[in-house]
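Please look over the sequence and the structure shown here before reading on.

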Amino acid sequence: MMEGTMVQKAAEQAEYPLFIPFIMAGDPDPETTIDLALKLEEAGAHILELGIPYSDPLADGPLLQRSASRALQNEMSLRRAVELIPFMRQRGLTIPVIAFTYYNPVLQMGEKYFFDQLKENGGDGVLIPDLPYEESRDIHNMAAARGLVNITLVAPTSGGRIEKLAGEAEGFLYCVSSLGVTGTRDSFPPEAYSFIEKVKKNSSVPVAAGFGISTPAQVKSLDGVCDGVIVGSAIMKKVEENLERFKNPEEKSNALDAVKSFVSSLISS
């Protein structure tokens, strides 16, 4: 496990439960992606997952698929998403940024070149959900050589691999709370809590639960069960609900504040 990375420090030093938001790069447009990142940090986010739009996602629900489609129409790509990070930094973003991307865009860009660019542009790590852990050693080593982290994802289907995945994770461990695709849910099945607790017992790093978390009550229900939460679909739903306001210069500030207010309600729950 790598020690002392920005991600590790942010995950371990969070003053209240770790909050990791996901936003889709390029939705509704690149400039607003930068604005959203800053608003999320203002709201209290500890780490940012910067989603890379992809035409054939593994587990994205309908809402994130629509978000990715809008981003792709804006000609967003892995390269352009990574190049947004310096602009975020120039405007004051200080929290770590994790590139959430599928493996094919990384392969097309060139693995070593991708990590060089991620490091050069101020990124802090990567999460590739469709790359099996057993096939990720080269990626892990390339990231580590540049002081970046490769975030591990563990799911209910991980079975007998849970102990190994959790024990060797770095930065934080992304714990998929339930089966299926991303999207908001009314509640979690009872077995989700026992699964998360099992993961936490075996993890050497903070455990953040994701998939379906969308309300303050859900965040509250996980208090003491895990170390934090990851919220994506619910945030991008707020973005989608305010698309017209984002397009209107006179309304954009209010739209950003609406997203910030929603995230603040989750963090303070």
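Ala, Val, Leu, Ile, Met, Phe, Trp, Tyr, Cys and Pro count as nonpolar, Asp, Glu, Lys and Arg as charged, and the others, Gly among them, as polar. By these classes, the lining of the largest cavity has 9 nonpolar, 1 polar and 1 charged residues; among the lining residues are Phe22, Met24, Gly51, Asp60 and Tyr102. A cavity is a set of points, on a 1 Å grid over the protein atoms alone, where a 1.4 Å probe fits but cannot get out, and lining residues have an atom within 4 Å of a point. The structure holds 1 cavity of 30 Å³ or more, and the largest cavity has a volume of about 50 Å³.

This is a predicted model, in which local features need pLDDT of at least 70 and side-chain atom pairs count only at pLDDT 80 or more, while totals for chains, interfaces and linings use all residues. Residues are numbered from 1 along each chain as its sequence is written, and side-chain values use heavy atoms, with hydrogens and water left out.

Strands are DSSP runs of E with at least two residues, and helices are runs of H or I with at least four; two strands pair if DSSP finds at least two bridges between them.

| Strands paired | Sense and bridges | Residues opposite each other |
|---|---|---|
| Strand 6 (residues 152-154) and strand 7 | parallel, 3 bridges | Val154 and Cys175 |
| Strand 7 and strand 8 (residues 207-210) | parallel, 4 bridges | Cys175 and Ala209 |

Note on methods:
On a 1 Å grid over the protein atoms alone, a cavity is a set of points where a 1.4 Å probe fits but cannot get out, and a pocket is an open set with protein on both sides within 12 Å along at least five of seven lines; lining residues have an atom within 4 Å of a point. Grid points are joined across faces, edges and corners, and a volume is the space filled by probe spheres set on the points.
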